[in-house]
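Subject: Structure for you to look at

Hello,

Please find the structure below, followed by notes on what was found in it.

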Amino acid sequence: MGIIVYICTKISEIIPLFCTILLIYIIVIIFTKRQSPGPVFTKKRFEGQNGKTYTGIYFRTKHTDTEQEESTFSFGTFLHKTHLDELPLLFSILKGQMSFAGPRYHACPDMETYHQNTDDYQVCELVKPGLSGCGSACTANDATNDIAYVQNWSIWLDAKLILKMMTNTLKKNI
């Protein structure tokens, strides 16, 4: 009987979370399509654990036509400021390519620069990149924070960084 109660409890926790994320997706899709024609998602190649590359998916925040290549539409600005444009990266976490906390993920072309300009950056490739981490939760987003994260990792550090990232995001947008 205990296992059935446990499974029912987990299902009752997962369903509202899934519905909330689905609602956010629907709202983002509607607002993006109303403000900017083109695809809702955009893809980037990243280097992950052990140097393996993977494709990360984001909500698109910029116009797609050639005249406005670098201009961000108004809802896209909101998505970027609140980090909601990164919500589709949860699929990368589910696929095991990323974790919630870890060294900041970098696009493949940027990795060469980090390796050349930062001693010991290769230590960051030993772990999965994270949606949040020292590089994104701290005020200075540099490679030394990522290295410090790997060298000082603990479950408490992960919890602290995730909480700090959420707090920083709320402070910026309230």
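**Aromatic rings**

Tyr25 counts as buried, at 12% relative accessibility; buried means under 20% relative accessible area, exposed over 50%, and partly exposed in between, with a 1.4 Å probe and protein chains only. The model is predicted, so local features need pLDDT of at least 70 and side-chain atom pairs count only at pLDDT 80 or more, while totals for chains, interfaces and linings use all residues. Residues are numbered from 1 along each chain as its sequence is written, and side-chain values use heavy atoms, with hydrogens and water left out.

The structure holds 8 aromatic pairs. Rings of Phe, Tyr and Trp (its six-membered ring) pair if their centres lie within 6.5 Å; planes under 30 degrees apart count as stacked, over 60 as edge-to-face and the rest as tilted. One of the pairs is Tyr25 with Phe91, which is edge-to-face, at 6.4 Å centre to centre and 80° between the planes. Tyr25 lies in helix 1 (residues 2-35) and Phe91 in helix 3 (residues 90-94), so this pair ties together parts that are 66 residues apart in sequence. Phe46 and Tyr54 make a tilted pair, because their ring centres are 5.8 Å apart and their planes are at 40°. Phe46 is buried at 3% relative accessibility, and Tyr54 is buried at 4%. Tyr25, Phe41, Phe59 and Phe91 form one aromatic cluster.

**Nonpolar cores**

A nonpolar core is a set of buried Ala, Val, Leu, Ile, Met, Phe, Trp, Tyr and Cys residues joined through side-chain atoms within 4.5 Å. The largest one has 18 residues, of which Phe46, Phe59, Leu89, Met98, Tyr105 and Leu131 touch the most other members. Helix 1, strand 2 (53-59), helix 2 (74-82) and helix 3 each give two or more residues to this core. Strand 2 supplies the largest share, 3 residues. Another core, of 11 residues, lies apart from it and includes Val123, Cys124, Ala143 and Tyr149.

**The chain as a whole**

The chain has 7 helices and 5 strands; helices (H or I, at least four residues) and strands (E, at least two) are DSSP runs, numbered from the N terminus. In order from the N terminus, the elements run α-β-β-α-α-β-β-α-β-α-α-α. Of the 174 residues in the chain, 35% are buried. Counting contacts (heavy atoms within 4.5 Å) between residues at least 6 apart in sequence, 61% join residues at least 24 apart.

Regards
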